[in-house]
Amino acid sequence: FIFSFLVLLFPRQMPAASIVLQEKVKRGITTAQEKRKELSRSLGEITRDMLPAMKRLLKNQALNCLILGDIFLFIGVGAYSYYPKLYAKIFRLDYRSVGRVMGIANMIGFGVGLVGSGLLMRLRKWEPKDLQLVYAIVATLAIPWTFGSLYYCPSDTHAGVEISYEQVLGNNASSVPTLLGECNSGCGCTTAFYTPVCDGNITFFSPCHAGCSRAVLDDKEIVVAYEDCACTASGSAIPGVCGTTCPSRLWTSMSITTTGTIVGFSGFAAHAYIYQRVVSEVDRTLAQGMRSSITRALGTLPSPIIFGWVIDKFCTVWRVSEDGTRGNCWLYDIDNLMLWFITMRVVLRCLSVTCYFICWWVYPESTKKVEGEENGGEKGEKNAI
């Protein structure tokens, strides 16, 4: 904020603008007279022209399709805010390791993708309509790579959640799983803290839920095992979950999703260029402001709320304190959660791509004149591209 006044030092027109203007005049995109009138407008004239400019933008079908596509895209992108938490769950990693792995993957994906987008723009002198088709195709090619997140470690089986204690003990295969059963009924177990223990391939929420009455310590007074466990098949348990990390699946999944990021971001420069060409030059600043406001209000802001609600729907065990206050979620139905999570992202990307293809379909073939209000209130024509 302190240095924002430096923006006022920028000239109304950059030194190379005259060269660009000459080229535009040659191509029939604008006229020197229109450019001079634009530069000589006062603040009052600019404000007065705001409403006609908004009307022109709202009637621009290609621009509206682009913005609608970005809304769906931004809703899906908002899911990334939950990826560290999900990756910690599905790959059994601590948050430090998740941050390191995702940081490397994102750096490669975004970096290589942006370089690729620049190379794509340099391949040839693209017409805006052709470039929009290329971007729509690139966005489509990025969708299948999203399914790479489904290649995760096998889910743990928690006693009292996915399987009942009676099934663990081999007494009754039809019992409904509940965290509190006959084997731990007198232990006073709560879900205030998650301290898993393992017996064979079954994970228990805590030693209390496993019905253990004695802990085995090593020379350093660290618990290495629990004995006299009434809810386990063997009568004992060891600290920690039963499953182990699966590095091969982790790197395979990250490689697939990173490739999708590279493909998706390879159209970044093209997308930005199209926004500059889908409206007349005088409307570009307003178009960018409208795009930014709408996509953030309808895409970026509600996205975490939507995906957060979905994640909470698949919580199987909540943290409940001694006073009955519900806190964060300890355990999730991982398989159904990931299936819904990725399906939602794919559906949103498909809706986004559909809008991009519609934008290409309605995009004018060449320089198109759109009726609008000129500066000063006179009727005239403005270039749409």
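User: How many helices and strands are in the protein chain?
Analyst: The protein chain has 14 helices and 10 strands. Keep in mind that this is a predicted model.

User: What share of the residues is buried?
Analyst: Buried residues make up 41% of the 385 residues in the chain.

User: And the accessible surface, what does that come to?
Analyst: About 21200 Å² for the protein chain. Carbon and sulfur atoms account for 63% of that surface.

User: Let's do the sheet. In what order do the strands of the open sheet come?
Analyst: The order is S1-S3-S2-S6-S5-S4. That makes 6 strands, and their pairing is mixed.

User: Which strands stand at the edges?
Analyst: Strand S1 (157–158) and strand S4 (212–217) do. Each has a single partner strand, so one side of each is left without a neighbour in the sheet.

User: What holds paired strands together in general?
Analyst: Strands of a sheet pair through backbone hydrogen bonds, and they can run parallel or antiparallel.

User: Back to S4. How many bridges does S4 share with S5?
Analyst: There are 5 bridges between S4 and strand S5 (residues 223–229), and the two pair in the antiparallel sense.

User: What's in the hairpin between them?
Analyst: The hairpin of S4 and S5 has 5 residues between the strands. Glu221 takes a positive phi there, near 60°.

User: And S2 with S3, parallel or antiparallel?
Analyst: Antiparallel. Strand S2 (residues 197–199) is joined to strand S3 (residues 202–204) by 3 bridges. Look for Val197, which stands opposite Phe204 in S3.

User: New topic: helix H8. How many residues does helix H8 have?
Analyst: H8 covers residues 128–141, so to speak of its size: 14 residues, reaching 20 Å from first C-alpha to last. That is close to the 20 Å expected at 1.5 Å a residue.

User: Which residues of H8 are buried?
Analyst: Among them are Leu131, Val134, Tyr135 and Val138. Lys129 and Gln132 are buried too.

User: What do the buried residues of H8 pack against?
Analyst: They pack against helices H5 (61–77), H7 (95–122), H10 (247–265), H11 (268–277) and H14 (334–362).

User: Now the surface. Which residues make the nonpolar patch of about 320 Å²?
Analyst: Phe5, Leu6 and Leu9 make that patch. Leu9 lies in the segment before helix H1 (17–27).

User: Is Leu9 buried or exposed?
Analyst: Leu9 is exposed, because its relative accessible area is 64% and the cut-off for exposed is over 50%.

Notes:
Residues are numbered from 1 along each chain as its sequence is written. This is a predicted model: local features need pLDDT of at least 70, side-chain atom pairs count only at pLDDT 80 or more; totals for chains, interfaces and linings use all residues. Side-chain values use heavy atoms; hydrogens and water are left out. Two strands pair if DSSP finds at least two bridges between them. Helices (H or I, at least four residues) and strands (E, at least two) are DSSP runs, numbered from the N terminus. Patches are made of residues with over 30% relative accessible area and no salt bridge: like charges are joined within 9 Å, nonpolar side chains (Val, Leu, Ile, Met, Phe, Trp, Tyr) within 5 Å. Accessible areas come from the Shrake-Rupley method with a 1.4 Å probe; for residues, only the protein chains shown count as cover. A salt bridge is a side-chain nitrogen of Lys or Arg within 4 Å of a carboxyl oxygen of Asp or Glu. Buried means under 20% relative accessible area, exposed over 50%, partly exposed in between (1.4 Å probe, protein chains only). The expected span of a helix is 1.5 Å times one less than its number of residues. Contact means heavy atoms within 4.5 Å.
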